[in-house]
Amino acid sequence: QVQLVESGGGLVQAGGSLRLSCAASLRTFSRYTMAWFRQAPGKEREFVAAISWRGNTYYTDSVKGRFTISRDNAENTVYLQMNSLKPEDTAVYYCAADTQTGTTVYAYHYWGQGTQVTVSS
């Protein structure tokens with residue numbers, strides 16, 4: 001059974017940084033696109049960033065220049081380095097995986113349980 005386990009969330013002041021990790025029990029992890037989504041209270045889950053099996057990266061406009069997605073295929077782990085955090089980044093952050101690359105929730109078959117990120121002003 002595939003499991004995606006996120007960690008690294010927490011409470012941080014505006015302007016601070018956090019690094020999220022997602023450990024995946026995917027047998028062929030290197031062949032999957034890995035992505036991060038987030039969902040704020042009362043809002044739909046939205047795309048944040050993705051990294052393809054080739055290493056191509058994609059970001060939503062609001063995080064470009066502040067967030068960096070990376071992967072370690074040897075450790076079956078994907079990371080999201082978040083800098084210059086803003087209160088509007090507050091959300092539950094979810095890790096997702098699929099063999100295709102996309103920016104909608106429908107493109108991803110496997111999901112983690114999420115980790116809370118709270119940015120105080």
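Is Cys 95 buried or exposed? Cys 95 counts as buried, because its relative accessibility is 0%. Here, buried means under 20% relative accessible area, exposed means over 50%, and partly exposed is what lies in between, using a 1.4 Å probe and protein chains only.

Before we go on, a word about the model. It is a predicted one, where local features need pLDDT of at least 70 and side-chain atom pairs count only at pLDDT 80 or more, while totals for chains, interfaces and linings use all residues. Residues are numbered from 1 along each chain as its sequence is written, and side-chain values use heavy atoms, with hydrogens and water left out.

**The disulfide**

So who is the partner of Cys 95? Cys 95 forms a disulfide with Cys 22, and the two sulfur atoms sit 2.1 Å apart. To count as a disulfide, a pair of cysteine sulfur atoms has to be within 2.5 Å. By that rule the count is one disulfide. The link of Cys 22 and Cys 95 is left-handed, with -80° about the S-S bond. It joins distant parts of the chain: Cys 22 is in strand β3 (residues 18-24) and Cys 95 is in strand β9, 73 residues apart. Strands like these are DSSP runs (E, at least two residues), just as helices are (H or I, at least four), and both are numbered from the N terminus. Cys 22 is buried as well, because its relative accessibility is 0%.

**Salt bridges**

Next come the charged side chains. A salt bridge needs a side-chain nitrogen of Lys or Arg within 4 Å of a carboxyl oxygen of Asp or Glu. The structure holds four of them, including these:

| Pair | Closest N to O distance |
|---|---|
| Arg 38 and Asp 89 | 2.9 Å |
| Lys 64 and Asp 61 | 3.0 Å |

Arg 38 turns up in a network of salt bridges that links Arg 38, Glu 46, Arg 66 and Asp 89. Take the bridge between Arg 38 and Asp 89. That pair connects distant parts of the chain, with Arg 38 in strand β4 (residues 33-39) and Asp 89 in the loop between β8 and β9, 51 residues apart. Both Arg 38 and Asp 89 are buried, and for Arg 38 the relative accessibility is 5%. Glu 46, on the other hand, is partly exposed at 38%. As for the bridge of Lys 64 and Asp 61, Lys 64 is partly exposed with a relative accessible area of 49%, whereas Asp 61 counts as exposed at 61%.

**Rings and charges**

What about the aromatic side chains? Rings of Phe, Tyr and Trp (its six-membered ring) pair if their centres lie within 6.5 Å; planes under 30 degrees apart count as stacked, over 60 as edge-to-face and the rest as tilted. There are five aromatic pairs in the structure. In one of them, the rings of Phe 37 and Tyr 108 have their centres 5.5 Å apart and their planes at 70°, so the pair is edge-to-face. Phe 37 lies in strand β4 and Tyr 108 in the loop between β9 and β10 (110-111), so this pair ties together parts that are 71 residues apart in sequence. Phe 37 and Tyr 108 are buried. Ring pairs also join Phe 37, Phe 47, Tyr 108 and Trp 111 into a cluster.

Some rings have a charge sitting over them, meaning that NZ of Lys or CZ of Arg is within 6 Å of the ring centre and within 35 degrees of the ring normal. Arg 19 lies over the face of Tyr 79, 3.9 Å from the ring centre. Arg 71 does this with Phe 29, at 4.7 Å.

**Ile 51 and its contacts**

Arg 71 is also one of the residues in contact with Ile 51, once neighbours within four places in sequence are left aside; others include Tyr 32, Met 34, Ile 69 and Val 78. Contact here means heavy atoms within 4.5 Å. Ile 51 lies in strand β5 (residues 46-51) and is buried, with a relative accessible area of 6%.

**Two positive phi values**

Most residues other than glycine have a negative phi. Asn 76 has a positive phi, near 50°, and is found in the loop between β7 (67-72) and β8 (77-82). Ser 84 also has a positive phi near 50°, and its place is in the loop between β8 and β9 (91-98). Asn 76 is partly exposed at 21% relative accessibility, and Ser 84 is partly exposed at 40%.
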